[in-house]
Amino acid sequence: MQTKTGLTIGVLVLGAIAPAQAQTQAAGGVMAPFVGVGLTFGGENLATAQYTNGTSQSITTGGLLDLRFGLEYRLIGQPWAIQGVVAYHVDTVNATNGDLRFERVPVELIAMYDLGSQWRVGLGMRKATGAKVTASGDAAGAGFGSSTTFDSNLGFLAVAEYKVTPQVGLQLRYVNESYKVKFPTTQPTVDGSHAGIFGVFYFK
């Protein structure tokens, strides 16, 4: 339910941007969608799965797979662009006797600035909605039970992008954010800050 709520919020945010396209094009702007995928690393360990062979694997507040869709509004003849993004960000551990998963639906607003024909940088804000840990099987004993929901703070991000082609970009990103268990509220805040590398395709 939390993830569905986050997706709904993200769709509404992007939907609010899209109707402005007719007005902003008249002022010299162009709207275009894009998709991206990335791997992220960092944050704190949330839970650890122990395997029968003696090894272990953890899910973290900063990992691991990020799938995203966005809209970019670019001012014609100007170095500025604004991006609205909805993503699905997940870290998971799978085993035959149980699974662990930390998932969230981040919504981002980013201002991008061209440094030349191929490089650009950006700063933005991010809110990770629908954050929760789910566990099944033996993994439910890893510390969070079968399901635990989190609140996130308003995070901030920085991005550097290199345009391989006009439609394909490679990004390095850093996000500063944190999470706190909703109930009980006495639980300490955990750091979700992370870095990542992304590939982005712009539909132009």
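1. Strands are DSSP runs of E covering at least two residues, numbered from the N terminus. Under that definition, valine 37 belongs to strand β1. The model discussed here is predicted.

2. Valine 37 is classed as partly exposed because its relative accessibility is 42%, and the partly exposed class lies between under 20% (buried) and over 50% (exposed).

3. Val37 is also a member of a nonpolar patch on the surface, together with Leu39, Phe41, Leu64, Leu65, Leu67, Leu172 and Ile197. The accessible area of these residues together is about 700 Å². Two strands, β1 (29-42) and β4 (65-75), each contribute at least two residues to the patch. The most comes from β1, which supplies 3 residues.

4. In soluble globular proteins, nonpolar side chains tend to be buried together. In this model, the largest nonpolar core has 15 residues. Those touching the most other members are Leu46, Ile59, Leu100, Phe102, Val133, Phe150 and Tyr179. Two or more residues of this core come from each of β2 (45-50), β6 (98-114), β7 (119-137) and β11 (178-181). Strand β7 gives the largest share, 4 residues.

5. What does isoleucine 59 contact, once neighbours within four places in sequence are left aside? Its contacts include Leu46, Leu100, Phe102 and Val133. Glu44, Asn45, Ala47, Asp91, Thr92, Val93 and Arg101 are likewise in contact with isoleucine 59.

6. Another core, of 10 residues, lies apart from the largest one. Phe34, Ile110, Met112 and Leu157 are among its members.

Key:
Residues are numbered from 1 along each chain as its sequence is written. This is a predicted model: local features need pLDDT of at least 70, side-chain atom pairs count only at pLDDT 80 or more; totals for chains, interfaces and linings use all residues. Side-chain values use heavy atoms; hydrogens and water are left out. Patches are made of residues with over 30% relative accessible area and no salt bridge: like charges are joined within 9 Å, nonpolar side chains (Val, Leu, Ile, Met, Phe, Trp, Tyr) within 5 Å. Accessible areas come from the Shrake-Rupley method with a 1.4 Å probe; for residues, only the protein chains shown count as cover. A salt bridge is a side-chain nitrogen of Lys or Arg within 4 Å of a carboxyl oxygen of Asp or Glu. Buried means under 20% relative accessible area, exposed over 50%, partly exposed in between (1.4 Å probe, protein chains only). A nonpolar core is a set of buried Ala, Val, Leu, Ile, Met, Phe, Trp, Tyr and Cys residues joined through side-chain atoms within 4.5 Å. Contact means heavy atoms within 4.5 Å.
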